[in-house]
Amino acid sequence: MFSSLPGSGKMDAKNMNSGPVSALVIESRFAQRFRVYLEREGILDVCHRVEKLPDGTVALPVLGEKLTEQHLQALQGSLPPETTCTLTWLQDPIPSKAARLQLPARKLCTELQRLVVASGGRWSDELEDDVPHSWHRHGDLILLRADSFRAAIWKELGPELWETVASALGARRIAKGGRVSPDRLRSPTVTLLLGQDGWVEHVDNGIRYTFDVTRCMFSPGNITEKLRVASLQCAGEVVVDLYAGIGYFTLPYLVHAGAAFVHACEWNPHAAEALRRNLELNGVQDRCHIHQGDNRQLDLRDVASRVNLGLLPSSEEGWPVACQLLRKDTGGVLHIHQNVASLPARALHLHGGHVEEHQLQHCPEQALCHRQEDRMGQRSRRSPKDADIGDSRRETQAAVPRAEWQRWAETTGARIRVLLQQVHGKPWRTNILHIEPVKSYAPHVDHIVLDLECRPLS
């Protein structure tokens, strides 16, 4: 049942304007169910953090003016009879990360408005929309979005504009991003607007990276794969990283995974220089050799227990080289990155949410499982109880890309077997160890990694 702690007061908009915020306190095992429901109904207070209390319960901040008796009844109906949910106040609520990020953006907008007015200009909604609300911070350098500060008035303000931006954001250097150039080096088109150089340092999972933001890219979206590489057991192994960049995966292999030696291939001279510095920064320069240039011309073979192929949208050009690098006596593992497209219109009954013949052919057990879940999911989806089961239609749709990943992995395994036989002159077997989703690259396009075991047949 629901109860209120002493002094909790009434739930109305007037009280919500004070410092404390209203919150629902529930046992931790029900917290996720409540959170999903509150988010869906627009009641969760996203400006404050969900807090775990000393007694193990969880406090979910809510917007009191939107919380109705009907909501409370729906939530109570999802709980076992003897379970209590308390409506109370958080006296010292903790701002959420999103709320904290809004503060610098608000300060930036205020300072720019003062600058424009002091320069004789007129502040407008169009100018406010042209001010960025997010950016990348690398130490004392702020990297602005390419779609910001496009209005003509900004150019008229000259260097004072970027000094104002730096002051408002607590930085010393300002740069502005652009599209990645279409050349084969995939160089960033970044302009340094304030400061002498673009070299920055970034710490990721205990590894120090330094690079020039105007010459090299850093991919924060690959953090899950970098953590996974760091967790691999590579003691005694020789690894080849065919697309090393500044060391996104080379360094986790050396620093955390315990690789004995890494051959790092990189043809962008600026990235290769950053990689050299990063090896020294992390004290692993003696266990790595940088091969600068086109890896297809690599004069190396029969050395690797593991080859990393971290190039998007496809590393297919490097597959023959990777096969050449694997040890011919024992083989090894290829980590193949790829952008895989899924076509939901072709693979899904949009009106019913069922997997079509495509999934039945490639993942029959999964397809049958989701059909059972569909039948279970016919009950009302407005109840918080359904958060535990999930929306079966959404889960079924999510199964479609997994089927596409599997199909691509099986096709890739077959092609790699052919390449291995051509390179080594004898038959090999391949085995799909794992398919790791890294991130959504675009609508219906997923960046995945295939861990493919490759062994010679005796």
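Two strands pair if DSSP finds at least two bridges between them. Helices (H or I, at least four residues) and strands (E, at least two) are DSSP runs, numbered from the N terminus.

This is a predicted model, in which local features need pLDDT of at least 70, side-chain atom pairs count only at pLDDT 80 or more, and totals for chains, interfaces and linings use all residues. Residues are numbered from 1 along each chain as its sequence is written, and side-chain values use heavy atoms, with hydrogens and water left out.

Seven strands form an open sheet in the order 14-13-12-15-16-18-17, and the pairing is mixed. Strand 14 (288–292) and strand 17 (428–442) are its edges, each pairing on one side only.

Strand 12 (residues 238–241) pairs in the parallel sense with strand 15 (residues 306–309) over three bridges. With strand 13, strand 12 pairs in the parallel sense over four bridges. The table lists bridge partners.

| Residue | Bridge partner | Strand of the partner |
|---|---|---|
| Val239 | Val262 | strand 13 |
| Val239 | Arg306 | strand 15 |
| Val240 | Val307 | strand 15 |

Axes are lines fitted to C-alpha atoms, for helices over the stretch in contact, and angles run from 0 to 180 degrees between N-to-C directions. Helix 8 (residues 223–231) touches strand 16 (332–341), strand 17 and strand 18 (445–456), and its direction makes about 145° with that of strand 17. Helix 10 (residues 269–281) touches strand 13 (261–266) and strand 14; the direction of helix 10 makes about 170° with that of strand 14.

Technical notes: Contact = heavy atoms within 4.5 Å.
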